[in-house]
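Biologist: I would like to learn how to read salt bridges and domain contacts in a model of this kind. Could we go through them one by one?

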Amino acid sequence: MKSYVGLEIHVQVKTNSKMFCRCSTDYFGKDPNLNVCPVCFGLPGALPVPNKAAFEKAVKLALALNCSINQSTKFDRKNYFYPDLPKGYQISQYDKPIGYEGFVEIELDGDSKRIRIQRVHLEEDTGKSTHSDNGDETYLDYNKSGVALAEIVTYPDFENEEEVILFAKRLKQIVRYLDVSDAEMQKGQMRFELNISTSLEELPMGELPNFKVEVKNIGSISVLEKVLQSETARQIELLTKGEEIKPHTRGLKDMTGETVFQRAKESADDYRYFPEPDIPPIQITDETLARLKSEMPELPHQRKQRYMDLGLEGEQADILVEDTERGGWFDTLRQAQGDKPNDKVITKEYAKWLLGDISFWLEKKKISISEMPFSTDDLIYLVSMMQEKKISGTIAKQVIEEIFENGGRAEEIVVSKDLLQVQDEGAVDGFVDEAIAANPKIVEDLKKNPNAIKFLVGQVMKLSKGKVNPSVAEEKLKSKLSL
Ligand SMILES: [Zn+2]
């Protein structure tokens, strides 16, 4: 049994105005049909003018997906009738997409796999239709009509749900890094279409089953996973019963991933593509292409590699790649730190505290990293004090809590609350003696259970209010008890 799975992804390109007119793209939550003009309303005689910002973002997207670029490209009319498409055609790209033959690398359990990209092209979004409860009326809102859309089409390279999910998440990161889109799924800024065909036997290389089922308009990555599971299971069941599956399109029934039949595909859609007569072909000059390449930001996989090279764990790196706010804070911290001989140790400490206590407090206070009272200087100070064994981790935790609760600077708090570790030998001896005297049973127990020393260390920490270094305490205890 094998499923052949491909994806088509529509991403709304983040621009101020629509793809071919000056109407605002800020339509979310607005009253219907406010952002419309003769061009996106499809009135006769209106002339479309391509949006340069959207075009350049699409080129960058194609570059990030390792595509070849068609330096001479054009727009085409894709003819079909649908009420949310007032012109009776959509301006899209047919045989000269902006990008073609690229790939995205996904990471699987220490291994990686390339998902090939067939094409990246630009087109315009449609309007939105809503149906009345009794189904008698349909309302049309053209605010979304004409918003720039980038379409990405993969080859059927996915072998399981995990690969689809990893790819979808990576693509979402890429468009965000490029500022091509915010990719907010709940706002419909990124939509998936799954193409699935299952075969009970593995087919020879390069061959595909003789049917393909398309599931359109999937607006969330978790639903994507469920759709893939339920549709594959449905196909296996039918094929096992000996039934033939005809090519068709399905739609989402609900968020459980169940789908319903929408329409049969007797033959390939005939969209009667022809070059858009109102938009001249577009040349991407070598200079423009070189400039766009030079403007490419660091991409998610590059950032991850950078973090791994710094010694972070894969999971830590993944969090900082996905959450660019915390990732950016971490980078600022690293820059402020400068190069030190024990760089990796300190860098790992930064990551540990950022993803540990600091993230805990961000979550607890429900604030973003830009709003928090804790600064990079505070963490640099605390980590360096711990490195010099002048404060313990327990004290660092207290200081972080204090700053999140009451503000202030780490150094001031450490000094004013007298939190520096006790360096004075006599004072340390005092706490150790006290701990031994107060716990005769534990001391007795130590002969059988050497681990009990940890309890005594804990007692010393408690007595000293965290101000004795735990390893110093342990050493002292061992020497006093002749262990
Ligand atoms: Zn318009």
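Biologist: Which residues are linked in a network of salt bridges?

Modeller: A salt bridge here is a side-chain nitrogen of Lys or Arg within 4 Å of a carboxyl oxygen of Asp or Glu, and by that rule Lys2, Lys113, Glu159 and Glu163 are linked in a network. Please keep in mind that this is a predicted model, in which local features need pLDDT of at least 70 and side-chain atom pairs count only at pLDDT 80 or more, while totals for chains, interfaces and linings use all residues. Residues are numbered from 1 along each chain as its sequence is written, and side-chain values use heavy atoms, with hydrogens and water left out.

Biologist: How many salt bridges does the structure hold, and are Asp76 and Lys74 buried or exposed?

Modeller: The structure holds 45 salt bridges. For the second point, buried means under 20% relative accessible area, exposed over 50%, and partly exposed in between (1.4 Å probe, protein chains only). Asp76 and Lys74, whose closest N and O atoms are 2.5 Å apart in their salt bridge, are both buried.

Biologist: Why does Glu258 count as partly exposed?

Modeller: Glu258, which meets Lys253 in a salt bridge at 3.5 Å, N to O, counts as partly exposed because its relative accessibility is 41%. In another pair, Arg306 and Glu298 meet at 2.8 Å, N to O; Arg306 is partly exposed at 29% relative accessibility, and Glu298 is partly exposed at 30%.

Biologist: Into which domains is the protein divided?

Modeller: Domain bounds come from an automatic or database domain assignment, which here gives domain 1 (2–292), domain 2 (306–416) and domain 3 (425–480). The centres of domain 1 and domain 2, taken over C-alpha atoms, are 40 Å apart.

Biologist: How many residues of domain 1 are in contact with domain 2, and what area is buried between them?

Modeller: Contact means heavy atoms within 4.5 Å, and four residues of domain 1 touch five of domain 2 in this sense. Buried area is the accessible area (1.4 Å probe) that two parts lose on being put together, summed over both; between these two domains the value is about 350 Å², with carbon and sulfur atoms giving 34% of it. Gln173, Arg176 and Tyr177 supply 81% of the area that domain 1 buries against domain 2, more than any other three residues.

Biologist: How many salt bridges are counted between domain 1 and domain 2?

Modeller: The count between domain 1 and domain 2 is zero.
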